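Student: I would like to learn how to read the features of a structural model. Please go through them one at a time.

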Amino acid sequence: MALMTRTRLRNLWSAVGAVLDGGARGAEAERRAELARLRFRDGRALPRHIAIIMDGNGRWATLRRMPRSLGHKAGVDALRRAVELCDDYHVPMLTVYAFSTENWGRPQEEIDALMRLLWETIRSDLDRLHANGVRLRHIGRMEGLAADVQQAIHHMQDLTRENTKLELNVAFNYGGRAEIVDAVRQIVTEGTPAEQITEELIERHLYTRGLPDPDLVIRTAGEMRLSNYLIWQLTYAEYYATPVLWPDFGEEEFAKALDAYAQRKRRFGKLDAPDTVEPARMVSATTLARPVVEGAR
């Protein structure tokens, strides 16, 4: 009896060991696949996709005793710089938080100014962005937007649809929870059985369907929260916060954010294994050389 018990225990431990070993191999294979998706340039990790929470326009204007609307105009200038910086540093995708579903609670005068600013920016910048190969996408709800704004959004998307140099996604009338609610509603409307609902299915119904998740999220003005921004997509993004107000955000802060990203190890929920990938080199923001980019903007 004792011999039989010991034999069964050995067999049990052998089976458990095989399961654990197989699980470890599967986890390592998954981790290697995730690492393979990372981009490296001269031994330095670079994000494929940056998301930015452009915060601080109102505070920037208040500090200068200006109307908040002028702060938002200065924020548009900062966005133009960010687009150029993504081009210069070979970041192929940028998503920016321009107007949240919660922003409808702001004074009507400010809301109207933001809507006019969006329309005017599309009108003034669209031809230049299109000529420079920028593809524009709207992310968010169209409901609630003025008819002329909706028309401008459709026009910018149709015009730039085939551009591939840089992809700029504008989250306007966007909320992360609203996005998930809309995705679930669409899935239910399609009659999908509950047991067939998967993460992949939900992703295919998000506003960002077909887009890679952001690798790096930048928030300006010193805040340390996501504010309902891309809450599904930012699960494994690296977070970088700066006290600089958005209208003052420029190359120095952009380079610091890239430095911070390059110095972090992407574990994707798994244990670190430094021998599986060459560590990214540390590069100071003050010495980071700006790549040479051909073509006028």
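Tutor: What follows is a series of questions on helices, backbone angles, salt bridges, contacts and surface patches.

Student: What kind of model is this, and how are residues numbered?

Tutor: This is a predicted model, where local features need pLDDT of at least 70, side-chain atom pairs count only at pLDDT 80 or more, and totals for chains, interfaces and linings use all residues. Residues are numbered from 1 along each chain as its sequence is written, and side-chain values use heavy atoms, with hydrogens and water left out.

Student: What span should H3 have, given its 21 residues?

Tutor: Helices (H or I, at least four residues) and strands (E, at least two) are DSSP runs, numbered from the N terminus. The expected span of a helix is 1.5 Å times one less than its number of residues. For the 21 residues of H3 that gives 30 Å, and the end C-alpha atoms are 30 Å apart, which agrees.

Student: Which residue with a positive phi follows H3?

Tutor: Most residues other than glycine have a negative phi. Histidine 90 follows H3, and its phi is positive, about 60°, although it is not a glycine. Histidine 90 lies in the loop between H3 and strand E4 (93-100). Its relative accessibility is 26%, so histidine 90 counts as partly exposed. The classes are buried (under 20% relative accessible area), exposed (over 50%) and partly exposed in between, with a 1.4 Å probe and protein chains only.

Student: Leucine 230 also has a positive phi. Is leucine 230 buried or partly exposed?

Tutor: Leucine 230 has a relative accessibility of 2% and therefore counts as buried. Its phi is near 45°, and its place is in the loop between strand E7 (216-219) and strand E8 (238-241).

Student: How many salt bridges does a search of the whole structure find?

Tutor: Side chains of opposite charge can pair when their charged atoms come close. A salt bridge is defined as a side-chain nitrogen of Lys or Arg within 4 Å of a carboxyl oxygen of Asp or Glu. The search of the whole structure finds 16. One of them joins the side chains of arginine 68 and glutamate 110, at 3.1 Å from N to O. This pair links distant parts of the chain, with arginine 68 in helix H3 and glutamate 110 in helix H4 (residues 108-131), 42 residues apart. Arginine 68 is partly exposed because its relative accessible area is 36%, whereas glutamate 110 is buried at 10%.

Student: Which partner does aspartate 77 have in a salt bridge?

Tutor: An α-helix has 3.6 residues a turn, so residues three or four places apart point the same way. Aspartate 77 pairs with arginine 80, and their closest N and O atoms are 2.6 Å apart. The two are three residues apart in helix H3, so about one helical turn separates them.

Student: What is the arrangement of aspartate 125 and arginine 128 in helix H4?

Tutor: Aspartate 125 and arginine 128 are three residues apart in helix H4, which means a separation of about one helical turn. Their salt bridge has its closest N and O atoms 3.2 Å apart. Aspartate 125 is buried, with a relative accessible area of 8%, whereas arginine 128 is partly exposed at 29%. Elsewhere, salt bridges that share partners join Asp55, Arg59, Arg219, Glu223 and Arg225 into one network.

Student: How far is valine 170 from alanine 98 in sequence and in space?

Tutor: The two are 72 residues apart in sequence, and their C-alpha atoms are 6.5 Å apart in space. Valine 170 is found in strand E6 (residues 166-174) and is buried, with a relative accessible area of 14%. Another such pair is glutamate 84 and glutamate 251, 167 residues apart along the chain with C-alpha atoms separated by 9.7 Å. Glutamate 84 has its place in helix H3 (residues 68-88).

Student: Which residues form the nonpolar patch on the surface?

Tutor: Patches are made of residues with over 30% relative accessible area and no salt bridge; like charges are joined within 9 Å, and nonpolar side chains (Val, Leu, Ile, Met, Phe, Trp, Tyr) within 5 Å. Accessible areas come from the Shrake-Rupley method with a 1.4 Å probe, and for residues only the protein chains shown count as cover. Leu9, Leu12, Trp13 and Val16 form the nonpolar patch, with about 410 Å² of accessible area together. Leucine 9 has its place in helix H1 (residues 2-36) and counts as partly exposed at 44% relative accessibility.
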